[in-house]
Amino acid sequence: MTNHWIDIKNADSILIMGSNAAEHHPISFKWVLEAKDKGATVMHVDPKFSRTSARSDFHVPLRSGTDIAFLGGMIKYILENDAYFKEYVVEYTNASLIVGKDFGFSDGLFTGYDAKTRSYDKSKWGFEMDENGVPKRDKTLKNPRCVFQLMKKHYSRYGIDAVSSTTGVSAENLLKVYKTYAATGKPDKAGTVMYALGWTQHTVGVQNIRSAGIIQLLLGNIGVAGGGINALRGEPNVQGSTDHALLYHIIPGYMAMPHNGWQTYDDYNKANTPVSRDPMSANWWQNKPKYFTSLLKAWYGDSATQENGFCYELLPKVEKGEDYSYMYLFDRMYRNKIRGGIIIGLNPMNSIPNTNKVRKALDNLDWLVASELHHSETTDNWHRPGVDPKKVKTEVFLLPSAHRLEKEGSVTNSGRWLLWHYQVVPPAFEAKPFGDMFVGFMQRLKALYAKEGGTLPEAVLKLDYPDKYDSDELCARINGRFTRDTKVGDKLYKKGQLVPSFAALQADGSTSSLNWLYTGSFTEEDGNKAKRRDTAQTDMQKAIGLYPNWAWCWPVNRRVLYNRASVDLNGKPYNPAKAVIEWKDGKWVGDVPDGGWPPLATGKGKLPFIMTVHGTGQLYGPGRMDGPFSEHYEPVETPVNSNMFSKQLSSPVYKFMSSDMDKLAKPADPNYPIVLTTYNVTEHWCGGGETRNIPNLLEAEPQLYVEMSPELAQEKGIKNGDGVIVESIRGRVEAIAMVTIRMRPLKVHGRIIHEIGMPFCFGWTTPGTGDSTNRLTSWVGDPNTTIPEFKACCVNIRKADKLTELAT
Amino acid sequence: MPKTFLIDTSRCTACRGCQIACKEWHELPANQTRQRGSHQNPPDLNPNNYKLVRFSEHLDNGVIRWNFFPDQCRHCDVPPCKEMGDVYHEGTIIQDEKTGAVLFTDKTTVFTGEEFEQVREACPYDIPRRDPKTGLLSKCTMCNDRVQKGMLPACVKVCPTGAMNFGERADMLKLAESRLATVKKTWPKAMLADPGDVNVIFLLIDDPENYHTHTVAQAAFGPMTKKQFLATLARPFKAMAKV
């Protein structure tokens, strides 16, 4: 979230799209309803009428995978009706920047496309620079090569008819949403976008969110109270996991994973530190070497010195351009390239697409370490139905894991708040927190390397790894310490003392930090700020529900990101009634500003979007793999065989696998005419591995179901409560039919398309509940993130003669 | 003055936190359920579920309405279940003077199945249930143990949206009237269900029959007057006369 949960109450208009917030983030509706109480309009755009829709002002059903068409239409509406916030767009976004001559777009493809490698040469998309290396601007927005004009041209193709025919949303409903939401383009109005996996889990996932980003920038909704782009992160500490780099392509603090193209510390810094010659741009990432060096110091301690590049060369490096996401990981496993591994905090045998392949892939391991509360489809894979356990060679070590109520530590919520969770009861029997397990692994590894040597033992032996897991101490390490006596301002910090803020981190080895974003969260002055529970606030903060002394928020306790875009060039709030910050008597008051520079009108200010190289919000985003503007492409499995917007049916750069088990239905395949979307349920957590073992939750949602319209049910001769078989080209699944008016047939490309929806939380280890829905879903992914297209694939459905997976 | 719940269905997201919290607080075992084509599970109130969120959907001029009804005992001002119970076994069903909670005591095991049916029938909201094994009658306890100690009922405590409210009757009535006035602007059919007779007041935004068959006392005839309501008490005596 750029903003935070409480801030939702400040919105005048709420667009919930790609999310079923009431069901999957129930607490969010406390704030959604508060906004509604004050007159906000709440809109839910989603294939299914859910509990979220029931509490929204209105629901608009759309076909899965057509969000960009829907949002492209909104961008066109905003531009053509002059509904955008002009001063904001001119001053704070890159609307006025001139795009280089190499950029172009024709019939679904941007310039620089190489069909052989299925990739773009992004250098074709750069900005024009003046003689000083500063981007050229035309603040009149008239230049036909400025971002604003190119954007206008690009989205001019998203007319109501084409959008309606693609999405299945009526023209009336489209205009209702566009008009309501576009009304937040006024300086004193704010609209918020709440999204989740319904946007990310597509082959165009990143561009779905980019489309929303464009809308929010056009309407001046970023940086303001009640605005923002708000990713509702998952309950399992997803925000914290990403911050601390649980993904393969980054290291903590959103820095790139070292690859074999960057062999030295200097190579890495050179390639990863952006340069701006624009005096107006803060270009915050120019500080990256300070954060990176502090991270290396935290990893390698005293061994990391200036002379040895802070041990950079000891780091493992990935192959440049190689994809290590789980789809590729399991594909390698399927092709017998992986011998063993550790699976923790995930139940991939239930939660990953094309589960039949994943389950087979796991059989190829010699050994597997898993840590769980309960036996799961992953820990017990070799016992799965239809498999002779004697024929599976994998040796599984199942470590009993402590429940989260049995351990203390921090969780970072979607609003970037670092919150301390206390232990309620000690772990039962031999169960242990993951932290204890990891420290145990490393101690033994270190001992083995010390004793036996091996290839590059220093990489492990020199690690400054704790002897014992202590969550407070780990938080202190994350915050970071001075490695020698250092003066910050007037204050002298001794060697070993905590760094007060990331502004004090250095690239000379004098500081360590496991994650620069969290520096300032644990200080000499205030201790572990995740434990703060003080509701003190100023009147200005009270007006927008901002609690600066409750817990702590990254970065530097800033609760609303890019908040300097909420004020005019003189530092006066665009919406005084809900001011986030204000320049008053020579200083900023309210939230922690995005940089302390004076307002831009003083001539000494900096542009507000400090994390981008040019300091502006990116209407035009030349950094993505699939283009600087969003463009509608059909899901890879689609019920139609043409794209209303170009000849390019699906994304030209989506990722896919090519094993014998990675089958895809052809476009408009008559054998699989129905769109399937998949989702969570309120009552179960993700793949259900934990919650299916909680009897009261299983009582409330006991078995796998498929939600379908009465029209489709009638066509297929299915009655409510019947057992059915759902089939894709990859697999078949048993489910109970839930025939409901909440699923609507959609008119797409002039004919009726049916969509059905299924949860994925049931698995065979809980007998009679059903088995993995993901046996149906496909292994295709977004080119930027490789997130799979869980939200759209094609299937068929029929009444079952007999049920085995659901037999009770 | 008794304690009162206000259940504001215009704020309910059917997260079922209340349903689960109730089971957890009372340590009630789970029933083995199955998917029958509805999210409502278990299908009905039973000795292991004193609180049940009912789901009901219909089309209103082509617009989908999905109503959620967190059903529970209404803790009537003059409880017909107690009146009827007293006819058979006096003192087994009691009303806490301090909180107004209507309570089925452990002594209710003395009711025969037939006697229990009379008690159940006396309830205008079809709340009482009987454990066929132990014979114990059961329903919502208002978390009287918690309330006596100054705590909120479990279902109210966990509600994230303000659908479940609890407090002094006068305060709840005030809140109910103010919420009704607000909600009526969007939902002209909005109403309070039997507010004069019960201590669990539902704020409805749709016709009562679009939630559940026992949303209000004798739903088929609309809200009852207090007089009509009390008149139902005469039924059991008539029934006995027949025997």
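**Figure 1. Salt bridges between domain 1 and domain 3 of chain A in the predicted model.** Two salt bridges are counted between domain 1 of chain A and domain 3 of chain A. In one salt bridge, Lys48(A) pairs with Glu707(A), and the closest N and O atoms are 3.3 Å apart. Helices α1 (21-24), α7 (160-167), α9 (197-200) and α10 (205-218) of chain A each contribute at least two residues to the side of domain 1 that touches domain 3. Of this side, α7(A) gives the largest share, four residues.

**Figure 2. Polar contacts between domain 1 and domain 3 of chain A.** Between these two domains of chain A, 13 residue pairs are in polar contact, with both residues at pLDDT 80 or more. Sorted by class, the side of domain 1 of chain A that touches domain 3 of chain A holds 13 polar, eight nonpolar and five charged residues.

**Figure 3. Domain layout of chain A and the area buried between domains 1 and 3.** Chain A is divided into domain 1 (6-231), domain 2 (326-459) and domain 3 (655-799). A distance of 28 Å separates the C-alpha centres of domain 1 and domain 3 of chain A. Their contact involves 26 residues from domain 1 of chain A and 32 residues from domain 3 of chain A. The two domains bury about 2,300 Å² between them, with 56% of it on carbon and sulfur atoms. Of the area that domain 1 of chain A buries against domain 3 of chain A, 27% comes from Lys48(A), Gln201(A) and Thr203(A), more than from any other three residues. Lys48(A) is also the residue in the salt bridge with Glu707(A).

**Figure 4. Area buried between chain B and chain A.** About 3,000 Å² is buried between the two chains, and carbon and sulfur atoms give 56% of this area. On the chain B side, the residues that lose the most area to chain A are Gln35(B), Ile64(B) and Trp66(B), together 22% of what that side buries. The contact takes 37 residues from chain A and 37 residues from chain B.

**Figure 5. Salt bridges and polar contacts across the interface of chain B and chain A.** Six salt bridges are found across this interface. One of the pairs with side chains in a salt bridge is Arg179(B) and Asp37(A), at 3.7 Å from N to O. There are also 20 residue pairs in polar contact across the interface of chain B and chain A, both residues being at pLDDT 80 or more.

Technical notes. Residues numbered from 1 in each chain as written. Chains lettered and ligands numbered in written order. Predicted model: local features only at pLDDT ≥ 70, side-chain atom pairs only at ≥ 80, totals over all residues. Heavy atoms only, no water. Contact = heavy atoms within 4.5 Å. Buried area = accessible area lost by both parts, 1.4 Å probe. Salt bridge = Lys/Arg side-chain N within 4 Å of Asp/Glu carboxyl O. Polar contact = N/O pair within 3.5 Å; in protein donor to acceptor, adjacent residues only side chain to side chain. Domains from an automatic or database assignment. Nonpolar A, V, L, I, M, F, W, Y, C, P; charged D, E, K, R; others polar.
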